[in-house]
Amino acid sequence: MRHSYRFEADKGIGEDRMRRFPDPVRPMNLLLICLLALVLGACSGGSVDSAGGSTAAAEPTTQPEASRFLAQASFGANMSSVDNISANGYAIWLDQQFAMPAGSPHQDYLVSVIAALAVGQSPQDSHVMNTFWRQAATAPDQLRQRVAFALSQIFVVSLTNDAVSGYRRGVASYLDMLGRQAFGNYRDLLEAVTLHPMMGLFLSHLRNQRESGNRVPDQNYAREVMQLFSIGLYRLNPDGSLVSSNGQPVETYGQADIVGLSRVFTGFSWAGPDKQNGRFFGSDVPPPDPNRDVLPMQDYPQFHSILAKNFLGTTIPAQSTPDARTSLRIALDTIFNHPNVAPFFARQLIQRLVTSNPSAAYIGRVSQAFNSGRFTRNGWSTGSGRRGDLRATIAAVLLDEEARNMAKIADPTFGKVREPVLRLAAWMRAFNVTSTSGNFLLGVTDDPASSLGQSAMRSPSVFNFYRPGYVPPNTAIAAANLVAPEFQIIHEVSVAGYANFMRTAVQSGVGSNTPRDIQPDYAAELALANDPDRLIDRIDLLLTYGTLSAETRSAIRDAVNSVSINTANPTPGRQNRVYLATLFALSAPEFVVQK
C-alpha cells in the first residue's frame, strides 16, 4: 500500500515539539525503533611531509570508500572531500590535514562573544556549542577537529560540573588545547591535560594542598589519570588482551599508588605573575590574572608535598625543598612509559573513530605504531619515531586493514553506533550548511525527548556520555560478548526524539531565530529530484557510503515516488522528495550504525 508523505510548514519550536511529525510521517518513529532493534539483533554474531615521514603518492580510491573514510576521520563527507580523496587517496589527505596549522578557534570565538556582552553579562554554555558546531561543520582541518572531539571523550571535562560551569572560555580553550595536541605526542598531551585549569577544577587537583594534620591530598586526579586517561584498571598485553594470574586479571595499581601519586598533584593552582597564597586559593588579593582560566596551572612550592611519593614501582624521595615540577615530570614520565598506555589508548581511539569491538590484532598494530612512533603503508610513512607519536597512532587507526576493508561492512561484529552529535554533524557536512549569523546558533541539545540527547563538552560525568566497555543488558550484543558504548544513551525516548529533531532539521534547519540560523543547501539534490534513483544514489554516497540495502532503498524510493511534481509549480514537490529521501537515510540503520 502506498502512503502519501508530506512535510508541513514549520510552526515554531514549541508547537513543533508537541506536534512532532505530521501524521503521515509519524510511522518513522516506530520504523526507527524497529530498525535499531534489527541492528541489535544483527550484532548477535555468527558467523606536505609528515614529521619524520615520506611524501605520499596519489593512490586513487572509489567514492564510496572515500566517503566511508571521511565518516571515520572527520565530522562527515561532502562532495568536495569525497572528490579529493577518491582522486588522491587517503595518505595525501592525511598529509594535508596534518600540515594545517592549529589555532584557538573556540577560545577566539568566546573572546569575541564576551567583548560584545553588556556589562554584567556572562557567556553561556550555548556559546561553547555555537563554536563547536561551526568548527564541526565548516573547519578545513576536519581531522584535527574530529580527533579533538574524540579526545574530549577520553580526557573528559564537562560544563555540567559546578566547578567548571562558570568558565565557558576556559572550556573552549580546553577543547582548543586538545586540538593543538592532537597531532603531537601523547606525553605532551597528558601534561597539557594535567595542567589545564579546567581539568584542575573538574578533577579537583587545582588548589590541592599537601598533607597537614588530618588533611591529606585530594586523590581524585591521581585515580582518574591512571584509570581513565592512561593505563586502566588491569594489565594488558600489547594487543589489549588481559594479563592474567591464576585465571584472574592483574590490577595495574592499588590504593598505595593512588596515595603516592596524589602527593605529586599538590601545589598546582591558578596561573599569575606571582605565587602568593591568595592567588593559590583564588582570592581577590592579589587580583586574579585575567587569563587564569586559559593559562596552564603553575606550581606553588609552599603547598607541594615533601613526603616520599611511591607509585607504579617508582619512588620520588622526600624533598627538603618542595619541587612540584620535578615531581610532576617524573610522575608523567612513569605513567607514559607504562606498557599499558599503548593498548589502552589504542582501543579507545579506535572505538571513538572506527569500531566498538576492534580485534586484538587491530589493537596490536595500533599499539605498535604508538610505541615505535611511526606508521608505514604502501611506501608512505608518518611519525617522528618517538614513542607516543599521535600522527602515527591516528594514521594506524584510520588506515588499518580492518578500517579500510569494505568487506567489514558485512561483518556483524564490526562498526559502531553513530552518536547523536556525529549524526547531526554528518548531515551538516553532507549538505554544506551555512549560518545566517555566521555564528552557528545551535545551543545545548541535551534533551533526549526533543533534541539529540547529547551536547559536546557536557557529559554527565568523568566517565563520558557512555563507558567504553558498556554492554546493553539482556541483548544479543551481551550474548555475543560484545560492547556497544553509545547504546548507553540510546533508548525509545531518544530514538523518537532524534527522529523528530531531524525531521525539523531536514525541512527547516536548526538553531535559533526564524528562519532557523543554520540552513542546508539542497541545490544538488533538488536538481535530481525528478529522478528518484539518482537522488537516492547521491544521498547514499554522502551519508551511508553506498551501503543502503535494497530494502531500505525500496522504502525510500516508494516514499519519494509518492510525492508528485506539479509541472506548473515543481518546487514544492521537489523539496518534499529531497526532504523525505534525506530523512529516511538519516533514520536508516545503515546510517545510525557506522560500519
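**Entry 1. Glu224**

I began with Glu224, which lies in helix α12. The model I am reading is a predicted one. I asked which residues Glu224 touches when those up to four places away in sequence are not counted. I found Leu203, Phe229 and Val462. I then looked for a charged partner and noted that Glu224 is buried yet has no salt bridge. The nearest side chain of opposite charge is that of Arg223, 4.8 Å away.

**Entry 2. Confidence of the model**

The protein chain has an average pLDDT of 92, and 91% of the residues score at least 70. Where does pLDDT stay under 50? I found this over residues 1-50. For that stretch the model has 103 contacts beyond four places in sequence.

**Entry 3. Salt bridges**

I recorded a general point before the search: side chains of opposite charge can pair when their charged atoms come close. How many salt bridges does a search of the whole structure find? I noted 22.

I looked up Arg263, which forms a salt bridge with Glu211; their closest N and O atoms are 3.9 Å apart. Arg263 lies in helix α13 (residues 255-264) and Glu211 in the loop between α11 (197-202) and α12, so this pair ties together parts that are 52 residues apart in sequence. Glu211 has a relative accessible area of 22% and is therefore partly exposed.

I then turned to Arg365 and Glu402, whose side chains meet in a salt bridge at 3.3 Å, N to O. This pair links distant parts of the chain, with Arg365 in helix α17 (residues 360-372) and Glu402 in helix α19 (residues 401-404), 37 residues apart. I checked the exposure of each partner. Arg365 is partly exposed because its relative accessible area is 29%, whereas Glu402, with 13%, is buried.

I also examined Glu486 and Lys416, whose side chains form a salt bridge at 3.5 Å, N to O. Glu486 lies in the loop between α21 (476-479) and α22 (492-508) and Lys416 in strand β9 (residues 416-417), so the pair ties together parts 70 residues apart in sequence. Are these two residues buried or exposed? I found that Glu486 is buried, and so is Lys416.

**Entry 4. Backbone geometry**

I kept one general rule in mind here: most residues other than glycine have a negative phi, and most peptide bonds are trans. I then searched for exceptions.

A cis peptide bond joins Val285 and Pro286, with omega about -5°. I placed Pro286 in the loop between α14 (277-281) and β4 (298-299). Another cis peptide bond joins Thr514 and Pro515, where omega is about -5°. Pro515 lies in the loop between α22 and β11 (518-519).

I looked up Ser204, which is not a glycine but has a positive phi, near 60°. Ser204 lies in the loop between α11 and α12. Its relative accessible area is 26%, so I classed Ser204 as partly exposed. Tyr545, also not a glycine, has a positive phi of about 40°. I located Tyr545 in the loop between α24 (532-544) and α25 (550-561). Tyr545 counts as buried because its relative accessibility is 1%.

**Entry 5. Ala71**

I followed Tyr545 to one of the residues in contact with it, Ala71. Ala71 lies in helix α3 (residues 63-73) and is buried, since its relative accessible area is 10%. Not counting residues up to four places away in sequence, Ala71 touches Arg418, Tyr545 and Gln594. I also noted that the C-alpha atoms of Ala71 and Val397 are separated by 13 Å, while the two residues are 326 residues apart along the chain.

**Entry 6. A surface patch**

Finally, I asked which residues form a nonpolar patch on the surface. I found Leu233, Tyr234 and Leu242, with about 270 Å² of accessible area together. Leu233 lies in the loop between α12 (220-227) and β1 (244-245). Its relative accessibility is 40%, so Leu233 counts as partly exposed.

How values were computed. Residues are numbered from 1 along each chain as its sequence is written. This is a predicted model: local features need pLDDT of at least 70, side-chain atom pairs count only at pLDDT 80 or more; totals for chains, interfaces and linings use all residues. Side-chain values use heavy atoms; hydrogens and water are left out. Patches are made of residues with over 30% relative accessible area and no salt bridge: like charges are joined within 9 Å, nonpolar side chains (Val, Leu, Ile, Met, Phe, Trp, Tyr) within 5 Å. Accessible areas come from the Shrake-Rupley method with a 1.4 Å probe; for residues, only the protein chains shown count as cover. A salt bridge is a side-chain nitrogen of Lys or Arg within 4 Å of a carboxyl oxygen of Asp or Glu. Helices (H or I, at least four residues) and strands (E, at least two) are DSSP runs, numbered from the N terminus. Buried means under 20% relative accessible area, exposed over 50%, partly exposed in between (1.4 Å probe, protein chains only). pLDDT is the predictor's confidence in each residue, from 0 to 100. Contact means heavy atoms within 4.5 Å. Lys and Arg count as positive and Asp and Glu as negative; His and the chain ends are not counted.
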